Amino acid sequence: MRPRHEIATPRRKRPLAVILGTNEIASAVAVHMNRIGWACVLSHDAFPPVIRRQMAFNDCLYGERITLEEVEAERADSTIELVEILDYTTKVAVTPLQFHDLVAIRTAHALVDARMQKYRATPDLRHLAKVAVGLGPNFAVGRNCDIAIETKPVLAGLIIQEGATEPADHVPNRLGDVGEERFAYSQKPGLWHSAVDIGVRVFKDFVVGHLNGEPVTAPLDGVLRGVVRDGLHIPAGVKLLEIDPRGRSAKWTGIDERSALVASGVCRAIRIELAKQNATRIEGPFVAH
């Protein structure tokens, strides 16, 4: 069957990176790896819901055309569509398919867990790809990943080759002079509705959306930096929206500094780990005669 894309013959097959998550950090990783010649697919996970959607490929899942830092994404609902995107275009693929569905394409050279599930148990990702990379808390090299990357702002992009990443401390990074108070959280599970666009200037107590019909307001003055997509069912205790209080310095699009540092660290870490594996194969076990 001739692919639906314009290119009639396959491109040279690029190494494949499967990235778990469609948030801003997962998307920054995909952009950086795409630029250095990797084929990337982002596998969606509903938890936690993505709020910084203008910095991410997430909304590609809902039919929107998303380009981030000149890298375009396309939704794929089947392995056939994935192959068409990865082998016939230079786009990033975004899919609701999970990792066990994606192994049918070909062996992943890298598996990057960028879901940022800070307070959940993290499964062992090793042996699912040539290199398994864990981002943020709950990762330990040799236990559930081959190599890890710190995501805390003061350590963002730091490569962990031994031991564990820093544990979650329940303290969000500061934006301007504001920390956790710039977020609004879901107090209970429910259906979320909001008609307010990211990038709009709002004021304290402005109603940004409704959770199960109850109003959720902006916690302070500023620009709406992130908000959960309208119409999603939301669990309790997750971020619903974020306010950027920095006035003219507010940023709600593109790749932010922390995500760029983490993404750059991922690219370096994968090169380090693959080089280590190649060296081990070349040297082989020492045999005494």
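User: Leaving aside its neighbours within four places in sequence, which residues is Glu-24 in contact with?

Analyst: Beyond those neighbours, Glu-24 touches Arg-52, Met-55, Ala-56, Arg-258 and Ser-259, where contact means heavy atoms within 4.5 Å. The model is predicted: local features need pLDDT of at least 70 and side-chain atom pairs count only at pLDDT 80 or more, while totals for chains, interfaces and linings use all residues. Residues are numbered from 1 along each chain as its sequence is written, and side-chain values use heavy atoms, with hydrogens and water left out.

User: What joins the side chains of Glu-24 and Arg-52?

Analyst: The two side chains are joined by a polar contact of 2.9 Å. That term requires a pair of N or O atoms within 3.5 Å; within protein, one must be able to donate a hydrogen and the other to accept it, and residues adjacent in sequence count only if both atoms are side-chain atoms.

User: Why is Glu-24 called buried?

Analyst: Its relative accessible area is 11%. Buried means under 20%, exposed over 50%, and partly exposed in between, with a 1.4 Å probe and protein chains only; Glu-24 is therefore buried.

User: Where is Glu-24 found in the secondary structure?

Analyst: Glu-24 lies in helix H1, residues 24-35. Helices (H or I, at least four residues) and strands (E, at least two) are DSSP runs, numbered from the N terminus. The chain has 4 helices and 17 strands.

User: Why does Ala-110 count as buried?

Analyst: Ala-110 has 0% relative accessibility, so the residue counts as buried. Ile-270 is 160 residues away from Ala-110 in sequence, yet their C-alpha atoms are 7.4 Å apart.

User: Which residues of helix H2 are buried, and what do they pack against?

Analyst: In H2 (residues 79-88), the buried residues are Leu-82, Glu-84, Ile-85, Leu-86, Asp-87 and Tyr-88. They pack against strands S1 (16-20), S2 (39-43), S4 (71-75) and S5 (92-95), and against helix H3 (99-102).

User: What makes the radius of gyration of the chain agree with that of a compact globule?

Analyst: A compact globule of 289 residues would have a radius near 19 Å, and the chain has 20 Å, which agrees. The radius is taken over C-alpha atoms, and the globule rule is 2.2 Å times the number of residues to the power 0.38. The C-alpha trace spans about 75 × 50 × 35 Å along its principal axes, and 51% of the 289 residues count as buried.
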